[in-house]
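Here is a short report on side-chain contacts and backbone details. Read it with the model in view.

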Amino acid sequence: MEPFSTVDAKAMPLDMTNVDTDQLVPARYLWRPRQDGYAEILFHDLRREPGFPLDAPAHKGAAIMVADRNFGCGSSREHAAWALVDSGFRVVIAPSFGDIFYSNSFKNGLLPIVLPEARCAELRAALARNPGTHLVVDLPAQTVTGPVGVNDGFSVDSFAVDPLRKELLIAGQDETGLTLSLAATIKGFVAGYAEAMPWV
Amino acid sequence: MSAPQSLFDKIWQRHAVVTRPDGAVLLLVGRHLLHDGSAAAFRFLDERRLPLHDKRHTFGTPDHYVSTAGNDLASIGEAFRRDLVSGMAENARKHGFTHFGLGDPRQGIIHVIGPEQGITLPGITMVCGDSHTSSHGALGALAFGIGASEVAHVLATQTLWQSRKPQSMRINVEGKLGTGVTAKDAILAIIARIGTAGGTGKVIEYAGPVFRDMSIEGRLSVCNMSIEAGARAGMVAPDENTFAYLKGRPYAPQGAMWERAVAFWRTLPSDAGAAFDAEVTLNGNAIEPMATWGTSPEHASAVTGAVPDPAAAPTAERREAIASALNYMGLSPGMRMDEIPINRVFIGSCTNSRIEDLRAAAAVLQGRKAKVQAWAVPGSGLVKRQAEQEGLDKVFRDAGFEWREPGCSMCAGVNGDLVEPGVHCASTSNRNFVGRQGPGARTHLMSPTMAAAAAVTGHITDVRRLMAGEA
Ligand code: SF4
């Protein structure tokens, strides 16, 4: 996994609430092996509709998406995060996220950022007026800055992130190494657990 | 005296191996369930050269990619699907976990099999790489879906990191469900009320007389759709119904151990005065048979109601959402729910494919004929066998239904069982998202009895009218 620190990149607005994982990756592509890549599957059905922002020339190379409420709701498919990462996205900013999607994102080096609903709407509007402008996402400082080079809607927003997730994302590590280092603690715990609930 | 705890608090505490100062918790996993979409996680294990940590507590079955036309590998038409199913059997051989493979009568949808085999138990944590793992909470387990990376982590360690303890929510349904009103109607009414984000990030406990009176099958349907309310998990406190359901199941404790387990399970229900972060109460007497009209599970209405008019919506955003849903569904504002045409019927999925569901649908179909193409897909080989022993297969067949082999089938169509574009499908599954049952497919979620009623009339129909003897 690629270590994460600061991303200075084009941001793409997506004006849709409740973007579900079936829209991000339709179920009929779930069998595809991970190593085959999911870039062309991202928003497979929606991106064919006129006006969908993903393939607009101004958004070529975008690594940040500013979305709306309940982004990534629906199934547990990690493919949704894979498709975003394979398409070059490193950050999704939204007022709220589907639970499992939120957690899956971190495991794939994709940073989901929660900002207030009104602020997300302002950012999307500013990006719509100024297509292709940049935002700067600084994970160590936990800030989003921009749109960069644009006067309207410019500001610095702070965001919250769980310390463990932040730590692992900056290090580019997954949790398995950390957990394996706790093997002795786990073993002791399991012994007590098995004694209390031997039927499990 | 210690502070009163909820069922969720008790399970959480007993499984928290490590709690970091920043609130992150390493949870022990009591049971890990696998399905045929778990290939990526096993590849991770192989790449890291890690063994499966705890094969005794790991169980799997193929369900998503199996054919429902025949119960063997040869019936799966496409190589990529066959490879996923045979790859899973191969991983089971290699790593030694319990696997109910194709041809084993115990094979079926993983969320049907867990309870059926007594793998699902009160008071434990359970995870599976599938969001509808929330189903298992019906027996008083803390059960939730995880992503592929987390599946790999659980395979390697039998534990899971949670960045903090989720919030809790209690949903009380008071009173009694009326005749012809089922568990599915109750959960659709709950989602219509709190919305698909109403439970976001929370663990829901379903409480009150309606759930106390409800069968385990019904509780499974309710907990199953917790995820459609945005929640991580849903649960019902274990009670005498739960113990009666579990007793004698193959993987449930037996003999003296059973007595010990039951004594412990009786301590699990939430203490009086336990705190919840949110609480909602509904009147069960007022719930009617439900169906969805739109493209989100919250787009649900009583069958006696009407499709909403976007013009009457309170906000522009809501207006747009309703208009675009109606456009996709090909419905006009204000039309009566029971005027919505149905061209296809699917009775199945982890929400409603258990024996009780099939019995209820068959009771409606008895002596009637389906007007449209209709399928019944039992949730497991054992459900199928039981139904056949009761003669339900004959009722379905006589009514013009296809009686299929167990699997997820048309719920998400990943095995190729798809609904055609533009076709209105009355489905007992859990999601009516755009394209869920196939590109352009129009899903109407409802209970098995409502789906049976729609099959015989060709439109959404208040099943209570058929139950009252109308032809
Ligand atoms: S039946 Fe549907 S919801 Fe349930 S596990 Fe299978 S695909 Fe998922």
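The side chains of A:Asp45 and A:Arg28 join in a salt bridge, 2.7 Å from N to O. The pair links distant parts of the chain, 17 residues apart, with A:Asp45 and A:Arg28 both in the loop between helix 1 and strand 2 (64-66) of chain A. A:Asp45 is partly exposed at 30% relative accessible area. A:Arg28 is also partly exposed, at 26%.

This is a predicted model, in which local features need pLDDT of at least 70, side-chain atom pairs count only at pLDDT 80 or more, and totals for chains, interfaces and linings use all residues. Residues are numbered from 1 along each chain as its sequence is written, chains are lettered from A and ligands numbered from 1 in the order in which they are written, and side-chain values use heavy atoms, with hydrogens and water left out.

**Salt bridges**

A salt bridge is a side-chain nitrogen of Lys or Arg within 4 Å of a carboxyl oxygen of Asp or Glu. Side chains of opposite charge can pair when their charged atoms come close. The whole structure holds 41 salt bridges over all chains. Three of them are tabled here.

| Pair | N to O distance |
|---|---|
| A:Arg124 and A:Asp15 | 2.6 Å |
| A:Asp45 and A:Arg28 | 2.7 Å |
| B:Arg170 and B:Glu279 | 2.8 Å |

Where do the partners A:Arg124 and A:Asp15 meet? Their side chains meet in a salt bridge of 2.6 Å, N to O. A:Arg124 lies in helix 4 (residues 117-129) of chain A and A:Asp15 in the loop between strand 1 (6-13) and helix 1 (21-24), so the pair ties together parts that are 109 residues apart in sequence. Helices (H or I, at least four residues) and strands (E, at least two) are DSSP runs, numbered from the N terminus.

A:Arg124 is buried, with a relative accessible area of 6%. A:Asp15 is exposed, at 60%. Buried means under 20% relative accessible area, exposed over 50%, and partly exposed in between (1.4 Å probe, protein chains only).

In chain B, B:Arg170 forms a salt bridge with B:Glu279, with the closest N and O atoms 2.8 Å apart. This pair links distant parts of the chain: B:Arg170 is in strand 9 (residues 167-174) and B:Glu279 in strand 12 (residues 278-283), 109 residues apart. B:Glu279 is partly exposed, at 44% relative accessible area. Shared partners also join salt bridges into one network of A:Asp15, A:Asp68 and A:Arg124.

**Aromatic rings**

A:Phe97 and A:Tyr102 form a tilted pair, 5.7 Å centre to centre with 45 degrees between the planes. Both A:Phe97 and A:Tyr102 are buried. B:Phe8 and B:Trp12 form an edge-to-face pair, at 5.8 Å and 65 degrees. They are separated by about one helical turn because they are 4 residues apart in helix 1 (residues 7-15) of chain B. B:Phe8 is buried at 3% relative accessibility, and B:Trp12 is buried at 7%.

Ring pairs also build a cluster from A:Phe71, A:Phe97, A:Phe101, A:Tyr102 and A:Phe106.

Charges meet rings too. The charged end of B:Arg249 sits over the ring of B:Tyr245, 3.9 Å from its centre. A:Arg32 lies over the face of A:Tyr38, 5.8 Å from the ring centre. The test is NZ of Lys or CZ of Arg within 6 Å of the ring centre and within 35 degrees of the ring normal.

**Ligand and backbone**

Residues around the ligand include B:His64, B:Asp130, B:Ser349, B:Cys408 and B:Arg436; being near takes a heavy atom within 4 Å. Domain 1 (7-278) and domain 2 (290-467) of chain B each give at least three residues to this shell, with domain bounds from an automatic or database assignment.

B:Ser349 has a positive phi of about 85 degrees although it is not a glycine. B:Ser349 sits in the loop between strand 15 (344-347) and helix 12 (355-365) of chain B, and is buried at 1% relative accessibility.

In chain A, the peptide bond from A:Gly146 to A:Pro147 is cis, with omega near 5 degrees. A:Pro147 is in strand 6 (residues 143-148).

Conventions
Phe/Tyr/Trp six-rings, centres within 6.5 Å; stacked < 30°, edge-to-face > 60°.
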